[in-house]
Amino acid sequence: IDSIGVSSDAWSSLIHMVRNRATSVEIEFEGRRAGGEPYEAILLAAVPVPFGIPDYARVVVSMTDITDHKAEERRMQQLVASRNRLLASVTTELRSPLAEVIDFARLLEEPADDPTRRRNLAHAIADGAGRVASIVEDLLVVSRSELGDLVVAEVPVNLTAQVAQVLEVGGEAMHGVTTPGRNVEPRICFGDPARVRQVIRNLVVDSIEHSDGEASITIHRRASTMRLIVSSSGPALPEDLEDRVFGHQRERLEASMDPDTRLLGLSVARRLAVAMGGDIRYRHETGRTDYEMTLRAAQTG
């Protein structure tokens, strides 16, 4: 502590200690250093008691700076509050596809002579289960990232093959996604295949859900970087939301989980891209929304 910028409340507590003939007092207070910056501290005053008589002429006072501790405590409180909001929101998001899966499964139990109807029900069940699995997978990434346990592989990844797999698994929901020129040249980067697919899926799902249901995926190489761009006619993100997900400050990327599941998907996508040594950039120009994932390109030839 650079200065004894003790608040008036702290001094009042010391005076009350003497008046009440107490032998110790612990005070948590806010003060200011010599340079004017604020700090938080705990002041402990103890009175020696020789022969059972308090000696207030020799009060021992110690002070401990708890500024960093209190800041971390507040950060954890905000994290817990944000996590609770997210869980409440995600619970709502999960109820709808889970209810669909249950209802459609029950319909399948009924006798039916229409194979087309049964196929449609089966597809609906698969789509609902897929949405639930995606949300759960994103939650696991956030949880592991917050705990520092997020691990990603670094192996050669064929981006073209990963895009094809995402579109195939996505089923009818991906029918509006086009991939112009995807077989022009090898598109190999370094990353984790499963995580790359998760990033692509999140970007594509966001694009088609917030546009006219159509999107395009292009992949090209620039110098030592492989770039995958998901483009759609979706509206621009609100400025504050864009800043929270794609802002350049690290604390924004590691901010508490947002209760908006759209932002959950985008935040997870960027976390994973950064964990694999790349990034995701967002831009909105002339009525088009682009998400661009960059990863380190592998040497070919």
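This is a predicted model: local features need pLDDT of at least 70, side-chain atom pairs count only at pLDDT 80 or more; totals for chains, interfaces and linings use all residues.
Trainee: What makes the largest pocket a pocket, and how much space lies in it?

Mentor: A pocket is an open set of grid points with protein on both sides, whereas a probe in a cavity cannot get out. About 1000 Å³ of space lies in the largest pocket.

Trainee: Which residues lie nearest the centre of the largest pocket?

Mentor: They are G130, R131, S134, R201 and V205, out of 34 lining residues. Five helices each supply at least two residues of that lining: α2 (67-109), α3 (115-147), α4 (159-170), α5 (193-209) and α8 (261-275).

Trainee: How many of the lining residues of the largest pocket are nonpolar, polar and charged?

Mentor: The lining has 13 nonpolar, 10 polar and 11 charged residues.

Trainee: How many cavities of 30 Å³ or more does the structure hold?

Mentor: It holds 1. The volume of the largest cavity is about 30 Å³. Its lining consists of D206, S207, H210, S232, G234, P235, R262, T289 and Y291. Both α5 and β10 (288-296) give two or more residues to this lining.

Trainee: Why is α5 said to be largely enclosed?

Mentor: Buried means under 20% relative accessible area. In α5, 12 of the 17 residues are buried, so the helix is largely enclosed by the rest of the structure. Among the buried residues are V196, V199, I200, R201 and D206.

Trainee: How do you know that the span of α5 agrees with its number of residues?

Mentor: At 1.5 Å a residue, its 17 residues should span 24 Å, and the end C-alpha atoms are 24 Å apart, so the two values agree.

Trainee: What makes a set of residues a nonpolar core?

Mentor: The residues must be buried, belong to the nonpolar kinds that count, and be joined through side-chain atoms within 4.5 Å. The largest such core has 44 residues, and L228 and M293 have the most contacts inside it. The element that gives the most to this core is α8, with 7 residues.

Trainee: Which residues is M293 in contact with, leaving aside neighbours within four places in sequence?

Mentor: M293 is in contact with L159, V196, V199, I200, M226, R227, L228, A273, D279 and I280. There is also a second, separate core of 11 residues, including M17, V25, F29 and Y39.

Notes
Residues are numbered from 1 along each chain as its sequence is written. Side-chain values use heavy atoms; hydrogens and water are left out. On a 1 Å grid over the protein atoms alone, a cavity is a set of points where a 1.4 Å probe fits but cannot get out, and a pocket is an open set with protein on both sides within 12 Å along at least five of seven lines; lining residues have an atom within 4 Å of a point. Grid points are joined across faces, edges and corners, and a volume is the space filled by probe spheres set on the points. Helices (H or I, at least four residues) and strands (E, at least two) are DSSP runs, numbered from the N terminus. Ala, Val, Leu, Ile, Met, Phe, Trp, Tyr, Cys and Pro count as nonpolar, Asp, Glu, Lys and Arg as charged, and the others, Gly among them, as polar. Buried means under 20% relative accessible area, exposed over 50%, partly exposed in between (1.4 Å probe, protein chains only). Contact means heavy atoms within 4.5 Å. The expected span of a helix is 1.5 Å times one less than its number of residues.
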